[in-house]
Amino acid sequence: MRVLLDTNIWSSLGDEGTSRPFREFMQSRGLEVLVTPSTLVEVMDLPVPEPRQRIIEALITGSRRRLPTEAMSESAEVVAEIRRARPAWLRAMPDTAAVASLNTFWTRTIWRQARETSERLHIWQQAQPPIAPHIVRQQRRQRHDVLETRFNFRPLTAIKARLAPETPDHYRAGWIEGDEVDAWRAELRDLYWHQLVVVPGRAVVTRQDTIFADWVGAYVDLRRLGSSRADFTRFWLYDASAEAVPRNWIRWAVRHIQTTQKISGGNPADEQHSSYLVDADIFLSADSRYVSTLKIVRDDAPFAMAEPRLVSGDRCVPILDRLAAVL
């Protein structure tokens, strides 16, 4: 059984200094602990060095297997679907050196640097253009619309998108007039057009993060992919399969269910962590709102994903006792 822990659980393990007993505790139950780069990135945001370093030590000592970055895994899903449905977009020769370099950084280098001293990485991360505040503002606007229209999100697989009369022609290209399509398709079409076509074209000036273009572009000719917006639209609206892009589907679903609840500044990180739920059997968190969101997503998902379980947040109780209660 593979287990993922939310950052709040790793925080308790770090504060109590029980990462080694925790590892033995999990091994005795035949449970493999997975750890994700997104958790390390979230911990890097903590402003005080001492607790930050304690949690990093817990992540490294208490886990058995580090997963690749979610950007790599989500991009791999997209590349696999392109290989199946749009092989003409593929590069003649994949840039495997670029992939190896990126993967080495996220599975080895960044962890080593974080363990030695996290302050340099913390300063670097704080200097990056903030994305989370924009996502939170957008979700607050969406929540206002949800409350006003009393929109029903269940089941997630039944949510549809359609073209509005005022939709510009460039956005309509490839979308059959009058068609209702699965909402996740329209949103991922927009997301990946932005990440693979728009961002790389202006990143030299804007210094935007090109991570998805880097991963996908190692296998796909992005110029060919972006040469026809109509064909790109047809790929996402009619050819891609939810079962083939589960990480991308989960992130879409989590974003939408989050808007039915009170909007939190931690929503973007929670959405990011959710990409890994196809890697595990159990996900443990002390955040009741997040667990509630994931239970809804799991009920509606057209594929298997980790079972979310709520761990008590009572820090007067030792973390190993709280974990034992839900395992």
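Colleague: How far apart are the mean positions of the positive and negative charges of the protein chain?

Modeller: The structure is a predicted model. Its protein chain carries 44 positive and 42 negative charges.

Colleague: How many helices and strands does the protein chain contain, and what radius of gyration goes with them?

Modeller: The secondary structure comes to 17 helices and seven strands. For 327 residues the globule rule gives 20 Å, and the value for this chain is close to that, so the chain is as compact as a globular protein of that length. The radius of gyration is 21 Å.

Colleague: What percentage of the residues in the protein chain is buried?

Modeller: A residue is called buried when its relative accessible area is under 20%. Among the 327 residues of the protein chain, the buried share is 49%.

Colleague: What share of the contacts with a separation of 6 or more joins residues 24 or more positions apart?

Modeller: The contacts considered here are those in the protein chain with a separation of 6 or more. Of these, the share between residues 24 or more positions apart is 77%.

Colleague: In what order do the five strands of the open sheet stand?

Modeller: Strand E1, residues 2-5, pairs in the parallel sense with strand E2, residues 32-35, over three bridges. E1 also pairs in the parallel sense with strand E6, residues 282-285, again over three bridges. E6 in turn is joined to E7 by four bridges, and these two strands run parallel. With E3 included, the order is E3-E2-E1-E6-E7.

Colleague: Which strands stand at the edges of this sheet?

Modeller: An edge strand here has a single partner strand, so one side of it is left without a neighbour in the sheet. This applies to the strand at 65-66 and to the strand at 307-310, which are E3 and E7.

Colleague: Are the residues on the two faces of E6 buried or exposed?

Modeller: On one side of E6 lie Ile282 and Leu284, and on the other lie Phe283 and Ser285. Both faces are covered, and these four residues are all buried.

Colleague: How many of the 10 residues of H1 are buried?

Modeller: Helix H1 spans residues 7-16 and is mostly covered. Its buried residues are Thr7, Ile9, Trp10, Ser11, Ser12, Leu13 and Gly14. Just after H1, glycine 17 takes a positive phi of about 65°. The number of buried residues in H1 is seven.

Colleague: Why is threonine 7 called buried, and what is its relative accessible area?

Modeller: Threonine 7 lies in helix H1. Leaving aside its neighbours within four places in sequence, threonine 7 is in contact with Thr39, Glu42, Val43 and His273. A residue counts as buried under 20% relative accessible area. Threonine 7 is therefore buried, as its relative accessible area is 11%.

Colleague: Which residues of H3 are buried?

Modeller: Helix H3 covers residues 37-44 and is mostly covered, since six of its eight residues are buried. Thr39 and Val43 are also among the contacts of threonine 7. The buried residues of H3 are Pro37, Ser38, Thr39, Leu40, Val43 and Met44.

Technical notes. Residues numbered from 1 in each chain as written. Predicted model: local features only at pLDDT ≥ 70, side-chain atom pairs only at ≥ 80, totals over all residues. Heavy atoms only, no water. Rg over C-alpha atoms; globule rule 2.2 N^0.38 Å. Buried < 20%, exposed > 50% of the residue type's maximum accessible area, 1.4 Å probe, protein only. Contact = heavy atoms within 4.5 Å. Lys, Arg positive; Asp, Glu negative; His and termini not counted. Charge placed at Lys NZ, Arg CZ, Asp CG, Glu CD. Pairing = 2+ DSSP bridges.
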